[in-house]
Amino acid sequence: MDDWITQHKIPLGAWLSTGVDFLTTNAQGFFDLVSLVIGSLIGAMTVALLWCPSLVLIALFALGAYWLHRSIWLSLFILAALLLVLNLGYWQATIETLSLVFCATITCVVIGVPIGIAAAHRPTLFKVLHPVLDLMQTIPTFVYLIPTLVLFGLGVVPGLISTVIFSIPAPIRLTHLGISSVPLALREAGEAFGATKRQLLFKVELPSALPTIMAGITQCIMLSLSMVVISALVGADGLGKPVVRALNSVNVAMGFEAGLAIVILAIILDRVCKRPEHKAKRG
């Protein structure tokens, strides 16, 4: 019985391979254009950040963190951590990784948040999306890295697309959760004052769900950073490259230093992107 089942295998892999071959043959010009545009945008962002002197950029990051959170300790930590990265010689790789993570996060937010809002308002849509989101987060990243590599070639673009596929379920899920968790009383109050659906969304639902949506964006950033090494395997620049080199050459020192730079960047982005806490004034 087992032999009969295995001999009559459903050719899922062959179907997918045929689909990729069809796209490669008939739409390669489109994929080349997408690769050129995305690669140019990320490259331009990286060049702009590297054009600014590193010490000036570090000072701007520290000042920006203080402006957002009014925390001198956070600013001092960012200052010391980025100076350490600069001292270790990973500043350019850090900027390249930051550009990739920024572009991936913006893409996930632009696509994911509207889908999450639509899924919260249409339960049937979320039922359809739920297994798809589970699949996107649980399937091994190397599996969808292969077709993106075939379609877009070596470079930052397949890394970015793979990062977006892996990270986008977080903002979709948490936006859906935030909008669905808006108290019914708030919605009813908005409707009682004659708010339209658009006004209800922008003035009631989104402000109420903002902490949850921000948590989804922060999680998206962390997931994007976790894909740095995977992206380096298909030619993306950044902190993943020295990690891969260290792995190939069993260089413990290089691997530790590059890994430490990734951890530092993750901590900084996590702390900066958290919603500022406003302390209640004492009477």
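How many salt bridges does a search of the whole structure find? The search finds four, a salt bridge being a side-chain nitrogen of Lys or Arg within 4 Å of a carboxyl oxygen of Asp or Glu.

Before the details, the ground rules. This is a predicted model, where local features need pLDDT of at least 70, side-chain atom pairs count only at pLDDT 80 or more, and totals for chains, interfaces and linings use all residues. Residues are numbered from 1 along each chain as its sequence is written, and side-chain values use heavy atoms, with hydrogens and water left out.

Now the overall picture. The protein has 15 helices and zero strands; these are DSSP runs numbered from the N terminus, H or I of at least four residues for helices and E of at least two for strands. Its C-alpha trace spans about 75 × 55 × 40 Å along the principal axes. Of the 283 residues, 40% are buried. Buried here means under 20% relative accessible area, exposed over 50%, and partly exposed in between, with a 1.4 Å probe and protein chains only. Among contacts with a separation of 6 or more, 76% are between residues 24 or more positions apart, a contact being heavy atoms within 4.5 Å.

Back to the salt bridges, starting with D134 and R173. Their closest N and O atoms are 2.4 Å apart. D134 lies in helix α7 (residues 123–138) and R173 in helix α10 (residues 169–180), so this pair ties together parts that are 39 residues apart in sequence.

Next, R187 and E205, which meet at 2.9 Å, N to O. R187 sits in helix α11 (residues 184–192) and E205 in helix α12 (residues 197–226), so to speak distant parts of the chain, 18 residues apart. Both ends are buried: R187 has a relative accessible area of 18%, and E205 has 4%.

A further pair is R271 with D270, where the closest N and O atoms are 2.5 Å apart. R271 is partly exposed at 39%, while D270 is buried at 15%.

Last, charge overall. The 17 positive and 13 negative charges have mean positions 15 Å apart. Lys and Arg count as positive, Asp and Glu as negative, and His and the chain ends are not counted; each charge is placed at NZ of Lys, CZ of Arg, CG of Asp or CD of Glu.
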